[in-house]
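Dear colleague,

I am passing on the structure below, and my notes on what was found in it follow directly after. Please read them with the structure open beside you.

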Amino acid sequence: MKEVGIMGNDLTKGAKRVVADLRELAELTSDEHGAQRVAWTPTWQKARDWFAAKAREAGAEVTVDTAGNSWAKIAGVSPDAVAIGSHLDCVPNGGWLDGALGAVVTLEVLRRYGKGATPKKTIYAVSWADEEGARFGRNLIGSSAASGTLDIADIIDRVDNQGVKLTDALAAHNVLVDDILGAHEEFKQKNITEYLELHIEQGPVLESLNKQVACVYGITGCERHALKFIGQAAHAGSFPTLMRQDAFLAAAQASLAFKEIALKYDGVCTVGKVSVTPDVVTIVPETCLISLDQRSIDPAVLKSMNDDARAVSAKAASDQGVVVRWEKIWTIAPTMFDARLTELCKQAVEEETGEPKTIFSGPLHDAAEMAKLVPSIMMFAMSARGLSHCQQEDTPDEAVETAVRAFLRLADKVIQ
Ligand SMILES: [Zn+2]
């Protein structure tokens, strides 16, 4: 909106360069089904080489840490450093913006500071390795190695769908699992005092509010569990309805109640997996296994949602004459971003759009790992139809440019 003076002109040109770079990267790393930059593949490497060449062109020095994260550095007056990043890897048949937007915008930050006067703070543009976990099922590998939270035991035995071992796939990119946590030591030596990340929303909220960009003040926490309802298999013809112990009906009743919990607390509850045994049309289901994924930005609300889910699942089981057992899959507490950076981010969004719009993130991002170590913040660009992790993922150029301009303003505020 405010586009006056030299800075406004710079921002406008910079935002257009970012869109052009994104198109170039998509052209280089997509086929007719979408983007194919799956981590630890030749196409991903091609994207990284492209990124490194552009970063060097901007005047940065590029290195790779022991976890395969790429770091492009421009030394500042102060050794205190601002890290700005996202990921170049994507899901198979992915979109052109997930991760790429936040990685490519860092090139423009490097160009703003690489050839001119020395910036106040040192700048690192980081492209995290394997954010998506698309191939080996563990996401945030590079950023969690850098934050020091990666558990080697959790990844060492993993194998992809083709039978390739994770250790071999990483070794082909010079990443040795035994040394991967060295990235944490390297991170500490970089003296990073802030982390900034731009990403697409990957959901429909901003579009529904007719907003192009927002400051992200936190990332939801998650309670993820497997629920097994156990009843009694019986003949579908001979057992009267009220005498059955139908495990599926209990799971279905509980699932409908989970939706009410989500609405009551303004969180989300998802039953994404359902399976019954014996899975035969003429047999009343003996067991029904469902997954439950619950998310909220408020830790107290998340706990209440989980407590309520346990209560309604017990009631559903009892109503249907079955039992239910819970098993934890994974949990993570909500992440609240740094208050000072949230304020600067809101200002940047307001300067660009006239309104300090804020939102929280449902998906996890590399910034969640960084927030464990240093003050961090994210900014979201709207996603058309909320779609992501698919070829249809899109954001109109105009909205990408608005988000980039707002993000460059934020970077300037933090660096200078
Ligand atoms: Zn992403």
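In this predicted model, the crossing of H11 and H13 is right-handed. The two elements concerned are helix H11, residues 339–353, and helix H13, residues 397–415, which pack at an angle of about 135° with their axes 8 Å apart. That angle makes H11 oblique to H13, since only angles over 145 degrees would count as roughly antiparallel. On the side of H11 the contact is made by Leu344, Cys345, Ala348, Val349, Glu351, Glu352 and Thr353, and on the side of H13 by Thr402, Arg405, Ala406, Arg409, Leu410, Lys413 and Val414. Sorted by class, the contact of H11 with H13 comprises 7 nonpolar, 2 polar and 5 charged residues.

H13 also packs with helix H3, residues 100–114, here at an angle of about 50° and with the axes 10 Å apart. H3 and H13 are therefore oblique to each other, and their crossing is right-handed. The residues that make this contact are Leu101, Val105, Glu108, Val109, Arg112 and Tyr113 of H3, together with Val400, Val404, Phe407, Leu408, Ala411 and Ile415 of H13. By class, the contact of H3 with H13 divides into 10 nonpolar and 2 charged residues, with no polar ones.

Turning to the chain as a whole, there are 13 helices and 18 strands in the protein chain. Its radius of gyration is 24 Å, close to the 22 Å that the globule rule gives for 416 residues, so the protein chain is as compact as a globular protein of that length. Along its principal axes, the C-alpha trace spans about 85 × 50 × 40 Å.

The domain assignment divides the protein chain into domain 1, which consists of 5–219 and 334–415, and domain 2, which consists of 221–332. The centres of domain 1 and domain 2, taken over C-alpha atoms, are separated by 37 Å. Between them, 4 residues of domain 1 are in contact with 8 residues of domain 2, and the side of domain 1 that touches domain 2 has 2 nonpolar and 2 polar residues but no charged ones.

Methods:
Residues numbered from 1 in each chain as written. Predicted model: local features only at pLDDT ≥ 70, side-chain atom pairs only at ≥ 80, totals over all residues. Axes fitted to C-alpha atoms, helices over the stretch in contact; angles between N-to-C directions. Helix = DSSP H or I, 4+ residues; strand = E, 2+ residues; numbered from the N terminus. Parallel < 35°, antiparallel > 145°, perpendicular 65-115°, else oblique. Left-handed = near helix turned anticlockwise from the far one by under 90°. Contact = placed C-beta atoms within 7 Å. Nonpolar A, V, L, I, M, F, W, Y, C, P; charged D, E, K, R; others polar. Domains from an automatic or database assignment. Rg over C-alpha atoms; globule rule 2.2 N^0.38 Å.
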